[in-house]
Each structure stands twice: as structure tokens, then as C-alpha cells.
Amino acid sequence: MKNIAVIGAGTMGNGIAHTFAQSGYQVNLIDISEASLERGVNTITKNLDRMLAKEKISEADKAATLNNITTFTVLADGVKNTDLVVEAATENIDLKLSIFKQLDEMCAKDTILATNTSSISITQIGAVTSRPEQVIGMHFMNPVPIMKLVEIIRGYNTTDAVTSTIMDLSKKLGKIPTEVNDYPGFVANRILMPMLNESIETLYNGVAGVEEIDTVMKLGMAHPMGPLQLADFIGLDVCLSILNVMYDGFKNPKYAPCPLLVNMVRAGKLGVKSGEGFYDYSESRKAEKVAAQFSK
């Protein structure tokens, strides 16, 4: 594997592109928006500068990483002659199915198609292609260049050979791949999202305030970040989307999103990216100030 295409230049996509490029792979970063591509490359550059300041990489490493990335706004051009495509578009099932139908037609028959989805069925995505045995999940963690875990999710038809190839590739990126099976939420979000949702329920029911809930989990359970702050960091819309996928998949009420979460997303309070969630980020991207009083 030498040539990698990454679809989506947002938070996850630019992080995935950065990681592959820094490991010496040729990366085609694809997005329909030229502005998004520019922001993505700027983010990669800033992250490399941060690593340079900490003496983790050299100027030559930075230059080589950036030289390994080529940007595209046309999907067909970006996926041409690639060994692996990693889709990191918005967590929307209709969008992902549309992308994979196109990839199946555009990519060479031996190209492996991967998705960075955090909850959507790999089997369902693979089913819209003529190569479901070559469709697999590569769920990276945010921030991608730093976090070691990659959940490798096998669809119902994913072959042992493809799984082994992607596991080995992940190790070459300096990651620790963990193989899991294809059920809603996989492992990471099947455990994480109910905890975040229960934290929101605890706030919603007036048991404690935002800072108090986060303090209990940080100091009592040794979490590096409180659950409400983490939800803001992930994006409340993303949390809601994942919970809905799990609720639809299992039909179990324990996965039903808290009404407070639903209302906040409807109101556009999405966390760090919108400037306000459980905390106010208008002055700082750090969770220093609680946004407002929360109640039923």
C-alpha cells in the first residue's frame, strides 16, 4: 500500500491524512469544498508546527509530510490509482451510502474501501457495493495524530485477508488496531455514548451541575476529561446521531437520547464547534465557563 485517498477534510479527515502522510504514504485529500481543503491543510500545518516546537519532528519531516498530501475537489480524480480509500465524511448514512456507490464504480477492483464511521453498519455500507468483502471500518480516535487506538470493524462479508491487511497497515501508522464485529456503536461508542447520555440525564434531572458532574468523573474515576466536556469536544450533534443509530439498531430504551441533548442540538448548541454547548467557548476553546443553567 502506497497511495491512500481520504474523503473529507474536516477534523477526522485532515487528522487521518496527516497521519498517513507523516508515515510516508502518498495521500489524496478530497473534499467538495476548496475552503474546507484549505482549512484542513492549515490545520495539518499548525499541528506539525506544534510537533516541531516540541522537537518531536524536524523541519524536513514537516516538509515531507506536507509534500505527501495532494488536494482534490473531484472525487473521481482523487481516488484514481489508489490502494485504499478512507471515507471520513459527515456521520450520515445516506451520504455514506452514496459515496460508497460512487467509489465502487470509480475505484480499481482491488482497492480496499474503508470508512471512519463511529457507529454505522459496515455490512450495510458494503451491501451497496459489488465488493462487500473489501469494505471495512477504520474508526480512528480524535485527535488522530495523537490517539493510538484504531477500531477495525469487520462487516459480515469482510474477508480475513482484507482485515489482516488493514490491521498491519494500522500498525505501520504507529497505531494499535483492535478488531471488533459489526454491531451498532461497535465497542468504543457502545460503551462511551450511554455514559455521556447518562451524564446529560443526571444534569437534566437536576442531580448536579455541569462542573460538579465533570469533577466527580475526573477526580473520582480518573477520567482526563469530564463527560459533558467530552460531549462538547465530540460535538453534541455527533453524540445524538450515534445514540440514534444505536437506539434504532437495538430498539433498547437505554440508548434513547436524553431530551436535553435533543433540544440543545435543535437549538444549535453543538459544543466547541458552535461556540457553546455545556460550556461557553466564545472566549476560549477550553471548558472554563459553564454556558447556562440547565433544567427540564
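The model is predicted, so local features need pLDDT of at least 70 and side-chain atom pairs count only at pLDDT 80 or more, while totals for chains, interfaces and linings use all residues. Residues are numbered from 1 along each chain as its sequence is written, and side-chain values use heavy atoms, with hydrogens and water left out.

- Strand E7 spans residues 149–154, and because five of its six residues are buried, the strand is largely enclosed by the rest of the structure (buried means under 20% relative accessible area with a 1.4 Å probe, protein chains only; helices, H or I of at least four residues, and strands, E of at least two, are DSSP runs numbered from the N terminus).
- Strand E6 (residues 135–140) pairs with E7 in the antiparallel sense over five bridges, where pairing requires that DSSP finds at least two bridges between two strands, and Met138 has Ile152 in E7 as its bridge partner.
- Strand E8 (residues 176–181) pairs with E7 in the parallel sense over six bridges, and Thr178 in E8 stands opposite Glu151.
- From E7 the chain crosses through helix H7 (residues 160–172) to E8 in a right-handed β-α-β crossover, meaning that, with the strands pointing away from the viewer, the path from the first strand over the helix to the second runs clockwise.

**Aromatic rings**

- Three aromatic pairs are found in a search of the whole structure, a pair being rings of Phe, Tyr and Trp (its six-membered ring) with centres within 6.5 Å, counted as stacked for planes under 30 degrees apart, edge-to-face over 60 and tilted for the rest.
- Phe20 and Tyr25 form an edge-to-face pair, at 5.6 Å centre to centre with 85° between the planes, and both residues are buried.
- Phe20, Tyr25 and Phe140 form one aromatic cluster.

Notes: Buried means under 20% relative accessible area, exposed over 50%, partly exposed in between (1.4 Å probe, protein chains only).
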